[in-house]
Amino acid sequence: MKTRIIVNPMANKGGCGKRWPQIRAGLEKHLGPIDDDDITMTRAPNHATKLAREAVDAGCRRLISVGGDGTFSEMMNGVISDDRLIAPDLVLAQLPAGTSNELCRSFGQLSLGEACKAIAMGHTRDVDVFRADAKGYGGGQVTRYGFVLAIVGAAATISWRAQRVPLLKRLGPISYVLMTAFTSLTYNPRNYRIRIDDEAEQSLPMWSLMLCSFDGAGEGLMLAPGADPGDRKLDLILVGDIGHWETLTRIVPKLGDGSYLAHPKVSRRHASRISIDSDTMVRADVDGESIGQLPMSVTMLPFHLKVAAVNRQ
Ligand SMILES: Nc1ncnc2c1ncn2[C@@H]1O[C@H](COP(=O)(O)OP(=O)(O)OP(=O)(O)O)[C@@H](O)[C@H]1O
């Protein structure tokens with residue numbers, strides 16, 4: 001299968017570029033020698049999107065991103081256009097060389113070696129893809145395709161703070177722990193207007209809203225136990241109007257095993273189309289990247305994406 005490797009040398013604060021010769025050697029052990037022409041380096045943010053499209057146009061049907069979640073997400077956004085895959089027989093893979101590499105974890109790949117093996121063995125998993133349309137930070141409309149998680153409200157603010165504050169970003173996963181505690185104690189619930197599938201619009205006070213395709217996300221989070229990433233449905237989780245202290249003591253500590261769902265102000269259901277709006281500024285995040293703010297609509301798309309994944313059976 002004609003393959004293109006897209007390397008983000010700046011991922012993991014430049015560590016990916018420094019380790020690339022070793023990563024390449026590891027990949028070659030599994031795939032055989034790799035031609036220099038099959039490797040492209042990103043030169044700027046969002047370049048992976050353009051490189052992915054060029055690779056597919058050049059006949060590549062397996063694209064491997066080397067970097068973190070942002071690089072994979074940019075690559076994936078390059079192979080979808082007008083809500084369709086630009087070639088039906090594509091396989092995408094990620095070699096975890098970023099800071100947190102949460103997407104790889106979602107596929108069950110915990111190490112570089114496992115990821116290389118999954119690519120070489122041709123093990124893939126069919127996953128759903130959703131489209132998110134939101135108001136970008138510049139004021140215009142942004143569209144992002146995602147496949148793990150869309151979050152709104154407090155959860156998106158935690159993600160935004162953990163990534164955008166340079167000192168925190170350097171701390172890695174600890175930054176999320178710090179920001180979760182800080183945001184729990186300071187973020188006030190907001191009023192949302194929500195429309196789910198074809199139902200009437202509801203007005204609800206909420207702390208956060210999460211749309212999960214996979215069961216887990218982030219460092220050890222079990223947000224939607226039992227969620228099926230290939231069922232063409234998102235698990236919609238509404239975290240209601242809960243006080244600061246109660247959020248910190250009764251929601252946050254139970255995010256790791258999904259037992260927060262038992263809280264009377266947390267609800268869960270399936271949805272394939274949802275639109276959310278608010279009169280106040282509310283952040284929105286797709287697959288770990290802050291894309292902008294409400295209003296946002298999220299729609300499940302009618303195809304599956306093939307991703308290289310560890311076969312645990
Ligand atoms: N040549 C480049 N120079 C500067 N930034 C780049 C370059 N190439 C890609 N980027 C940007 O680097 C950012 C970080 O990439 P990525 O998310 O893959 O790594 P990470 O943040 O270390 O990992 P993770 O998202 O898993 O925590 C992305 O926003 C991407 O747009």
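Colleague: In which loop is Arg232 found?

Modeller: Please keep in mind that this is a predicted model. Arg232 is found in the loop between β13 (221-222) and β14.

Colleague: Is Arg232 buried, exposed or partly exposed?

Modeller: One counts the other C-beta atoms within 10 Å of the residue: 20 or more make it buried, 12 or fewer make it exposed, and the range in between is called partly exposed. Arg232 has 17 such atoms and is therefore partly exposed.

Colleague: How is Asp36 classed, as buried or exposed?

Modeller: Asp36 is exposed, because 6 other C-beta atoms lie within 10 Å. Asp36 is placed in the loop between α1 (15-31) and β2 (39-41). Asp36 also gives a sense of scale: its C-alpha atom is separated by 45 Å from that of Gly258, and these two residues are 222 residues apart along the chain.

Colleague: Let us turn to the domains. Into which parts is the protein divided?

Modeller: There are two parts, namely domain 1 (3-122) and domain 2 (130-302). Taken over C-alpha atoms, their centres are separated by 26 Å.

Colleague: How many residues are in contact between domain 1 and domain 2?

Modeller: In general, the size of an interface is often given as the accessible area lost when the parts come together. Here we may count residues instead: twelve of domain 1 are in contact with 15 of domain 2. On the domain 1 side, α3 (69-78) and α4 (102-106) each supply at least two residues. The most comes from α3, with five residues. By class, this side of domain 1 has three nonpolar, six polar and three charged residues.

Colleague: How many residues of α3 are buried?

Modeller: The helix α3 is mostly covered, with ten of its ten residues buried. Among them are Asp69, Phe72, Glu74 and Met76.

Colleague: What does α3 contribute to the shell around the ligand?

Modeller: α3 provides the largest share of that shell, four residues. Of the 21 residues around the ligand, those that come nearest are Pro45, Gly68, Gly70, Gly98 and Thr99. The shell has four nonpolar, 14 polar and three charged residues.

Colleague: Next, the strands. With which strands does β11 pair, and in what sense?

Modeller: In a regular strand the side chains alternate between the two faces of the sheet. The pairings themselves are read from bridges. Strand β11 (residues 202-212) pairs with strand β9 (residues 149-153) in the antiparallel sense over five bridges, and Leu149 has Cys212 in β11 as its bridge partner. Strand β10 (residues 190-196) pairs with β11, again antiparallel, over five bridges; there Ile194 stands opposite Gln202. Strand β14 (residues 234-240) runs antiparallel to β11 and is joined to it by six bridges, with Leu209 opposite Leu238.

Colleague: How many residues lie between the strands in the hairpin of β10 and β11?

Modeller: Five residues lie between them, and Asp197 in this hairpin takes a positive phi near 45 degrees.

Colleague: Where does the largest nonpolar core lie, and why?

Modeller: This core has 90 residues, and those with the most contacts inside it are Ile6, Ala52, Val152, Met210, Leu211 and Cys212. Its largest share, eight residues, comes from strand β18 (residues 289-308). The core lies between domain 1 and domain 2, because both give residues to it. As an example of the packing, Ile6 touches residues including Thr40, Ala48, Leu51, Ala52, Leu63, Val66 and Met75.

Colleague: Finally, which peptide bond is cis?

Modeller: The bond from Leu294 to Pro295 is cis, with omega near 5 degrees.

How values were computed. Residues numbered from 1 in each chain as written. Predicted model: local features only at pLDDT ≥ 70, side-chain atom pairs only at ≥ 80, totals over all residues. Domains from an automatic or database assignment. Contact = placed C-beta atoms within 7 Å. Nonpolar A, V, L, I, M, F, W, Y, C, P; charged D, E, K, R; others polar. Pairing = 2+ DSSP bridges. Near = placed C-beta within 6 Å. Core = buried A, V, L, I, M, F, W, Y, C linked by C-beta atoms within 7 Å. Lists of a residue's contacts leave out its neighbours within four places in sequence.
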